[in-house]
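Here are my notes on the model you passed along, as numbered points. Have the structure open while you read.

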Amino acid sequence: MSAAAAAAERRRFIEHFLTCICSTWRHLAYFKSRKKSLRYWKPRDLKLENMDEQSVESIAEVFRCFICMEKLRDARLCPHCSKLCCFSCIRRWLTEQRAQCPHCRAPLQLRELVNCRWAEEVTQQLDTLQLCSLTKHEENEKDKCENHLEKLSVFCWTCKKCICHQCALWGGMHGGHTFKPLAEIYEQHVTKVNEEVAKLRRRLMELISLVQEVERKREAVRSTKDERVREIRNAVEMMIARLDTQLKNKLITLM
């Protein structure tokens, strides 16, 4: 298996692993609220792109060291309780405190710890998901009204400003103004931009044609110049040869 295929396989495993954890988390919360049995629970397929911020934070808590409560570094797993922790934290605990797991209190030796190399990739994936969630949240905040925190849905034609329906209905600043749906204004701008893009493309094609025409003329001028240079060189060589012949004839006559 190539390196690219192995990396793709690891990524699929991590995404499936996170999906299963998220699905389990949501179903546990559902059955806890409804007080139903987990015996008939069946996991559903969830996409990582649809995970909300709370789910990502919940999964991130699982992949924190239970000793230092920070992000896992060189993760190790306890074979008794399956808790994850940093290797430096658990080594310090086992060597300086006592030879037992600080979570389940089971006897534990350093050699019994399971090295979880995949945990680093999982934490990196979680960091990416958290960054995407933060970016999406910031984008959603930008599309809201500053006064009413409502979604911008109306365009005030008089003020040339995007506002929410609360500002249009009850806002005193826009009384008697002309309003249009924001979606309609958006479509108009998109149409205008597409028309301008089409004009620019046509102009680009015209410029490309002009450049090609200039190149053809330049090549024609170069060919004509080379031909004239050859003609002049041939004429000069013929004149030199004729003068040499005349000079030789005169020298022979004088001798």
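1. (The term stands for a side-chain nitrogen of Lys or Arg within 4 Å of a carboxyl oxygen of Asp or Glu.) Both sit in helix α6 (residues 182–254), three residues apart, which means about one helical turn separates them. E215 is partly exposed at 36% relative accessibility, and R218 is too, at 38%. (Buried is under 20% relative accessible area, exposed over 50%, and partly exposed in between, using a 1.4 Å probe and protein chains only; helices are DSSP runs of H or I with at least four residues, strands are E runs of at least two, numbered from the N terminus.)

2. Before going on, some housekeeping. This is a predicted model, where local features need pLDDT of at least 70 and side-chain atom pairs count only at pLDDT 80 or more, while totals for chains, interfaces and linings use all residues. Residues are numbered from 1 along each chain as its sequence is written, and side-chain values use heavy atoms, leaving out hydrogens and water.

3. How many salt bridges are there by this rule? The count is eight. Among them is D74 with R76, whose closest N and O atoms are 2.7 Å apart. Here D74 is partly exposed at 47%, whereas R76 is buried at 13%. Another one of them joins K225 to D226, at 4.0 Å; K225 has a relative accessible area of 49% and D226 has 32%.

4. Areas are Shrake-Rupley values with a 1.4 Å probe, and for residues only the protein chains shown count as cover.) M205 belongs to helix α6 and is exposed, at 52%.

5. Now the sheet: three strands, open, in the order β2-β1-β3 with antiparallel pairing. β2 (84–86) and β3 (114–115) are the edge strands with a single partner each, so one side of each has no neighbour in the sheet. Strand β1 (residues 75–77) is joined to β3 by two bridges (DSSP must find at least two for strands to pair), and L77 has V114 as its bridge partner in β3.
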